[in-house]
Amino acid sequence: MIRRRRVARRSRATKKKKKKRTPARLAGLIPRRALLLAVLICGGLGGGVAWRGWTHLCDECPSIAQIYAFEPKEATKLFAADGSLLAELAIERRTPIRMEGLPRHVYNAFIAVEDKRFWGHAGVDLLRTTRAFFDFLMRGYGAAGGSSITQQLAGNMFESSVNRRDISIRRKLREMRVAIDLERAYSKWEILEAYLNQINFDGVFGVQAAAERYFGKTAAQLNLPEAALLAAIPRNPAGYNPIRRPERAIGRRNLVLQLMAAQGLVSLEDAEAAKAYPLELARGARIEQDAPYFVEWVRQRLYDRYGTDIYEKGFRVYTTLDPDLQTVADSALLAQLEWVDRHPAYRGVTFEEVRAWPPDSLYQVSRGGAEMPYVQGMFIALDAATGDVRAMVGGRDFGDSEFNRATQAIRQPGSVFKPFVYATAIASGIPASEIIYDQPYYLENVGGDPYAPRNFDNDFKGPLTLRRALARSINIVAVKLGQRVGEESFAQMAERMGISSNVPRVPSAAIGSMDVRPIEIASAYSTFANLGVRVSPRSILRVESRDGRVLWESRVQRERVLEPDIAWIAQSMLRDAVDQGTGTLAVRSRYAIPFSIPVAGKTGTTNDATNTWFVGLTPDLVTTTWIGLDRPRRIYTGATGGGTAAPVGAAVLAHYYETHEHPDAWERPPGLIERTVDETTGLLSTRWCPIDVSYVEIYLEGTEPTEMCDAHGPWSAQTSARRNFAPH
C-alpha cells in the first residue's frame, strides 16, 4: 500500500512537473532550433562555397598531361663582335631520362631530402604541410617549405613558376589541387620520373643535364655521394651550387646522406664512406656566363621587341661586345674590389665573409637584389665613334646579384659632373685661364642654413685658373663657376650632352649632388671624345631569323651637341686632369700608359667617400668606372676616385693599347687662338713672369686676354712652386 502511494505521488509529481515546464521549454527550444538551423544552413553554404572554390580553383591550371610535354624549342644565339658565340637564350635546358636507367640511390637521395613520405601520401603530405603552416606563422616566409615532390612537380607546370618568388596561398592551393589530380592519373614512378626531369639545378633542368654539367657523366653513372650532391642543390640552387659554393654543397650533401641512412635507404657505413668522398667536378665544369650583365641587358631589349619568341624562334643576334676587352674589364674590376676588401682602413664586411654566411640568412633571402652588403663596382667601355658597348660589368657577382649597376643604379656622380659646368663656361665666353679664388664661400639658402661647399682636403688654394681648378677638382671653384654661368645653363648643357636624369637647379648640382645612371655619364663623356658629337650606347648590331633574314638592324645614333672648338678646349682641360691632376698616379704612373697615348678623364669622389668614379677617354674609347656600396656609406677613410676607381679604367686602357694602334691626339679645330699667360693672374705673360707659372693657353676667338700681367716685375720677389701647364 505504501509502495502504491509512493508511485502514485511520483506519477502526480511528474505530471505536475511536465505541466509546469512545457511552456518554458517550448519557448527556449524555438531560438535554439533556429540557431541550429542557421548554423547548418551557413555551414552548408560555406561548404558549398568552399567546394565550388576548390573545384574551380584550377579553371586555369595546366593540363596534367603536361608532365611529359618537353617540346623542343630553338634557343636564340648571341654572338660577340668577333663572331664568337656569347650566349644562348632559352627558358630551360634539359635532357630527359627514363626511370629504368637510374640506380636506386639516385632517386632515393631526392626522396630522402625532399619528400620522405612520397610513397605513402596521395599528393599532399598533410603532416609536413601542417608543420610548414605553423612554421610560416612563427617565422614568416623564411620558413622551410612543405611541398611534396608531386606538389613541386605541379608548381613547375605553371607558367608563373618561372617566378619562384611567388609564394602566395592561392598558388600553393592550386599546386595542391594539381598534385592530387596527378596522383590520381599517374603512378608514383611516372611522377618521380617527371620530377627528376624538370627539377632546377641552377640553370640546367633535370638530373641527366645536371650530371653532365657537374660530373661529365650520365645520371645512370652517378655514385652515391654524387647523387646526394645533386639532391642537395634544388633546395637553393645558387646557394648550394658546387662550383660557386663547394663548402656549402658538401655540407648539404652530407645532410642528405645522413637522412638517407636515418630512413634506411642506405646503410650507415655507406653513408659515412660517402661523406668522406671528395668533391670531384668534371674538368671544365662551369656556370659562369661570359659578360652576364651585358647578356641580360641585351635579353631585356630583345624581350621588349620580340617577347617570348626569343626563347623559341632561334634568332641570331649580333652584339657589340669585345670578348677580350670584357675579360680584362672583369679581372681588373674584381682585382680592385678585392684590393678594397684588404685595405687596412676598410671596416665593412668582405665578399668572402658574406659568401660564408648560412644559406637561410637575410642576405641569402635577398639575393639577386640591389643591396648587397659588400663593396660593389661597375664598368662600361664604349666605342667613342659609334657608342658600341665593348665591355660591361654591372656588379661583382651576377650569381649573387643580377642588379645591373651600369644601367639600373642611380648614384651621385660627384666631381665627374664638373666638366659639364666648365664646358658651359667655355661656351659662354669664360676662358680656361680665368682666375677664381678658392676661399671660404657661403650662399644664402632661403629658409635654411647657408650653403658652404668645402674641398676634399678642407684646404684653400687661393687664386686658380679654371684649368688648374678642374685638374685638381676644387669644389669651391666649381660651385662659384656654376653660379656665374647659371644653374639653368649648366643643367641644360648636361642634359643636352646625355644626362637624362633630372638635374636640380641648385648650387650643389655643380659638384654632382644629384643622382644619375652610370651609363648616362659614359654617353655624355663621348661628347668630349668626339669633339662635340654625342653617341648613344648601342648593344645590338642586328637580329636575324634562323634562316638568315635580317629582322632588325640598329643604327649609330650621333648628334652634335657642342661646337668642336668648345669641346676641344674642354677635352684639353680633361687631359690635364689625367696628366697633371687627380688621375695622374693611376694612369701615367701606376699603369705607365705612355704620354704618346692621348688620355683625358676625370675622377670623382662624393661626400664621405661613398662613391668613387673615374671616366677615362681616348679618341677610341670611353671608359667609366664606379666603386662603392649599394647602400651608400663610406667605403673607407681616404677613398678617392683616383686611388679606388681610376686603376680599373687605367688597366683596361693599358691592355687595349697593347694590341691596338696608338691614336693620334685630338685634332685641334681651326680658329682657336694661342696665348702665353701667367697662371697666377690669367693675364698675358711678360718677360718678368717666372717660367714655372707661364704656360700656353688656348682660347675661342675674342675671349683671349689683352692685358699684361702686372704681378711680376724686375723688383718682384714672387716665386712659385707651381708646375708648368701646357694645353694639349
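# Close-ups of a predicted model

**View 1. Strands β13 and β14 sit side by side.** Strand β13, residues 611-617, runs antiparallel to β14, and seven bridges join the two. This is a predicted model, so keep that in mind for every view that follows. To get from β13 to β14, the chain makes a hairpin through three residues.

**View 2. Strand β14 is under cover.** How many of the residues of β14 are buried? Nine of its nine, so this strand, residues 621-629, counts as mostly covered. Now look at which way they point. L621, T623, T625, I627 and L629 go one way from β14, while V622, T624, W626 and G628 go the other way. Both groups are buried.

View 3. Nine bridges hold β4 and β14 together, and the pairing is antiparallel. One spot to check is G377, whose bridge partner in β14 is I627. Strand β4 covers residues 375-383 and is also joined to β5, by four bridges, again running antiparallel. Along that pairing, L382 stands opposite V389 in β5.

**View 4. Step back and you get a five-stranded antiparallel sheet.** Read across it and the order is β5-β4-β14-β13-β12, forming an open sheet. Which strands are at the edges? They're β5 (389-393) and β12 (600-605), and each pairs on one side only. Going from one strand to the next, the twist averages 5°.

View 5. Look for F79, which has Y318 in β3 as its bridge partner.

View 6. While you're here, find L302: along with Y525, L302 touches the most other members of the largest nonpolar core, which has 88 residues.

View 7. Which residues does Y525 contact, once you leave aside its neighbours within four places in sequence? They're V416, P419, F420, L574, K602, V615, L617 and V622.

**View 8. Helices α19 and α20 cross.** Helix α19 (residues 518-529) packs against helix α20 (residues 564-579) at an angle of about 105°, and their axes are 8 Å apart. That makes α19 roughly perpendicular to α20. Where do they meet? On the α19 side you'll find Y525, T527 and F528, and on the α20 side A567, A570, Q571 and L574.

**View 9. Helices α15 and α18 make another crossing.** The axes of α15 (residues 418-427) and α18 (residues 487-497) come within 9 Å and cross at roughly 110°. So α15 is roughly perpendicular to α18. From α15, the residues F420, V421, A423, T424 and A427 meet S489, F490, M493, A494 and M497 in α18.

**View 10. Helix α2 is mostly covered.** Is a residue such as F110 in α2 buried or exposed? F110 is buried, and so are V106, Y107, N108, A109, I111, A112, V113 and E114. That's nine of the eleven residues in α2, which spans residues 104-114.

**View 11. Zoom out to the whole chain.** You'll now see 22 helices and 16 strands. Of the 728 residues in the chain, 52% are buried. Take the contacts between residues at least 6 apart in sequence: 71% of them join residues at least 24 apart. The chain's accessible surface comes to about 34400 Å², and 53% of that belongs to carbon and sulfur atoms.

Terms used:
Residues are numbered from 1 along each chain as its sequence is written. This is a predicted model: local features need pLDDT of at least 70, side-chain atom pairs count only at pLDDT 80 or more; totals for chains, interfaces and linings use all residues. Side-chain values use heavy atoms; hydrogens and water are left out. Two strands pair if DSSP finds at least two bridges between them. Axes are lines fitted to C-alpha atoms, for helices over the stretch in contact, and angles run from 0 to 180 degrees between N-to-C directions. Buried means under 20% relative accessible area, exposed over 50%, partly exposed in between (1.4 Å probe, protein chains only). Contact means heavy atoms within 4.5 Å. Accessible areas come from the Shrake-Rupley method with a 1.4 Å probe; for residues, only the protein chains shown count as cover. A nonpolar core is a set of buried Ala, Val, Leu, Ile, Met, Phe, Trp, Tyr and Cys residues joined through side-chain atoms within 4.5 Å. Angles under 35 degrees count as roughly parallel, over 145 as roughly antiparallel, 65 to 115 as roughly perpendicular and the rest as oblique.
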